[in-house]
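Have a look at it first.

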Amino acid sequence: EFYGGVSRSVEKRSKVKSRIVATALRDLMQQCDSVLIMGHRLSDLDSVGSAVGMLRFCKICQKPAAIVVNQKQSLAENLIRQFCDAGFKDDFVSADEVESAISDKTLLIVVDTHLVNMLESPRIYEKCKNVVVIDHHRKCVGHIDNAVVFYHEPYASSASELVSELLQYIKDKDDKPTPLEAQALLAGIMLD
């Protein structure tokens with residue numbers, strides 16, 4: 001049960017929607033030249049885990065991508081450190097590092113939030129013309145309203161669960177997440 005809602009919710013999820021969203025995302029990535037993945041401020045395991053999953057999605061689509069995160073103010077600092085120690089330090093960037101490199105063909109993927117005022121960097125959001133949102137929280141006032149794809153499933157346990165489902169429909173048998181990426185996705189699912 002959900003407490004605090006004003007309307008009764010009915011589950012409407014299906015695997016068909018995940019497959020359609022995965023295909024739409026792949027098509028969007030073919031039209032862009034780079035991808036930025038961003039969660040909410042004070043990122044937690046679900047925010048970073050789902051971002052890592054979307055980074056794998058980008059690598060499968062062979063698009064250059066990076067995760068925008070403030071490592072000094074992250075609640076998933078240990079997880080980020082594990083990736084940096086494993087040689088993936090360049091996958092995590094600050095907002096200041098990438099803001100000047102944003103072009104009209106940059107795709108922004110927002111994970112684990114749909115609220116503009118909760119984003120890691122609202123400035124990056126304002127500069128990007130193509131935005132995708134993947135979130136599981138109940139829709140609130142002030143949500144991102146210009147998204148090309150708005151994958152919003154409040155019945156999912158976490159954004160990491162939604163990203164895990166998307167990865168099922170984009171990968172070939174050889175394109176599995178690494179054990180470290182799978183661990184990040186599982187951590188996000190377990191936290192939320």
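## Ground rules

This is a predicted model, so local features need pLDDT of at least 70 and side-chain atom pairs count only at pLDDT 80 or more, while totals for chains, interfaces and linings use all residues. Residues are numbered from 1 along each chain as its sequence is written, and side-chain values use heavy atoms, with hydrogens and water left out.

Helices (H or I, at least four residues) and strands (E, at least two) are DSSP runs, numbered from the N terminus.

## Two positive phi angles

Most residues other than glycine have a negative phi. Gln62 isn't a glycine, yet its phi is positive, at about 60°. You'll find Gln62 in the loop between helix H2 (45-60) and strand E2 (65-68). Asp112 is another non-glycine with a positive phi, near 65°, and it belongs to the loop between strand E4 (106-111) and helix H5 (122-127).

Are these two buried or exposed? The cut-offs are under 20% relative accessible area for buried and over 50% for exposed, with partly exposed in between (1.4 Å probe, protein chains only). Gln62 is exposed, at 71% relative accessibility, whereas Asp112 is buried at 2%.

## Salt bridges

Count a salt bridge wherever a side-chain nitrogen of Lys or Arg sits within 4 Å of a carboxyl oxygen of Asp or Glu, and you get 8 of them. One of these pairs Arg56 with Glu181, with 2.9 Å between the closest N and O atoms. Arg56 belongs to helix H2 and Glu181 to helix H7 (residues 179-191), so this bridge ties together parts 125 residues apart in sequence. Both Arg56 and Glu181 are buried.

Asp91 is in the loop between helix H3 (77-88) and strand E3 (92-93), so here the linked parts are 32 residues apart in sequence. Lys59 is partly exposed at 30% relative accessible area, while Asp91 is buried at 14%. Then there's Asp104 with Lys129, at 3.9 Å from N to O; Asp104 is exposed at 54%, and Lys129 is exposed at 53%. Salt bridges with shared partners also join Asp96, Glu99, Arg123 and Lys127 into one network.

## Cavities

A cavity here is a set of points, on a 1 Å grid over the protein atoms alone, where a 1.4 Å probe fits but cannot get out; lining residues have an atom within 4 Å of a point. Grid points are joined across faces, edges and corners, and a volume is the space filled by probe spheres set on the points. The whole structure has 2 cavities of 30 Å³ or more.

Methods: On a 1 Å grid over the protein atoms alone, a cavity is a set of points where a 1.4 Å probe fits but cannot get out, and a pocket is an open set with protein on both sides within 12 Å along at least five of seven lines; lining residues have an atom within 4 Å of a point.
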